[in-house]
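Visitor: I am new to this structure and would be grateful for a guided introduction. May we view it together?

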Amino acid sequence: MPSNAQSISARRAHAIELIQSGRVHSQTDLVALLKKAGYRVTQATASRDLEEIGAVRARNKNGEAFYRINESTEDAIARSTPLPSKLILSVDHSSNLAVIHTPPGAAQFLASALDHAGLTGVIGTIAGDDTIILVSKKATGGALLAKELLAYAQGDGKRK
């Protein structure tokens, strides 16, 4: 079962996605959309989440209110996500693949952080709900990639 911090980060990361999709015009919208996605939230929780991720109210050209995030997506995710060491439950490898297991709901957000971490020799990253697959450029690069991922986790997301 995920920890409270991990479920909060997953909920906030989902809120970021919803805001970026342009579907959040009010806190009530956010509450309804998060509930539809399976998150138990109140209006007060939605308000705290919006503040934590840096969302602000704006108006479109028609004068309709909506939420947007002033900072980059990566900054918003970084503010709402626990350190990578808390999200990486295990790492395994096979030939040119490295596989990371995360708490439920955390894989896509950790994958985004890894995409921007500058891991060497990665062709691509594929994320599901709780599993990430990284593909190495080298046919036998999975082991080295797994080692780098473990170092990344132990460094709390900072490259050494």
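Visitor: Which residues of H3 are buried?

Guide: This is a predicted model, in which local features need pLDDT of at least 70, side-chain atom pairs count only at pLDDT 80 or more, and totals for chains, interfaces and linings use all residues. Residues are numbered from 1 along each chain as its sequence is written, and side-chain values use heavy atoms, with hydrogens and water left out. Helices (H or I, at least four residues) and strands (E, at least two) are DSSP runs, numbered from the N terminus; buried means under 20% relative accessible area, exposed over 50%, and partly exposed in between, with a 1.4 Å probe and protein chains only. In H3, the buried residues are Thr-45, Ala-46, Asp-49, Leu-50 and Ile-53.

Visitor: Within what arc do the buried residues of H3 fall, seen down its axis?

Guide: An α-helix has 3.6 residues a turn, so residues three or four places apart point the same way. The arc is that of the directions from the helix axis to the C-beta atoms. On the other side of H3, Arg-48 and Glu-51 are exposed. The buried residues line one face of the helix, because they fall within an arc of 135°.

Visitor: Why does Asp-49 count as buried?

Guide: Both Asp-49 and Arg-11 are buried. Arg-12 counts as buried because its relative accessibility is 15%. Asp-49 counts as buried because its relative accessibility is 1%.

Visitor: Which strands stand at the edges of the sheet?

Guide: The open sheet has four strands in the order S3-S4-S6-S5, with antiparallel pairing; two strands pair if DSSP finds at least two bridges between them. An edge strand has a single partner strand, so one side of it is left without a neighbour in the sheet. The edge strands are S3 (90–94) and S5 (122–127).

Visitor: Over how many bridges do S3 and S4 pair?

Guide: Strand S4 covers residues 97–101. Ser-90 stands opposite His-101 in S4. The pairing of S3 with S4 is antiparallel, and the number of bridges is five.

Visitor: What angle does the direction of helix H7 make with that of S3?

Guide: Helix H7 (residues 142–154) packs on the sheet and touches S3, S4, S5 and S6; contact means heavy atoms within 4.5 Å. Axes are lines fitted to C-alpha atoms, for helices over the stretch in contact, and angles run from 0 to 180 degrees between N-to-C directions. The angle between H7 and S3 is about 165°.

Visitor: Is Ser-136 buried or exposed?

Guide: Ser-136 is found in strand S6 (residues 131–136). Leaving aside neighbours within four places in sequence, Ser-136 is in contact with Asn-96, Gly-121, Ile-123, Gly-141, Gly-142 and Leu-145. Because its relative accessibility is 7%, Ser-136 counts as buried.
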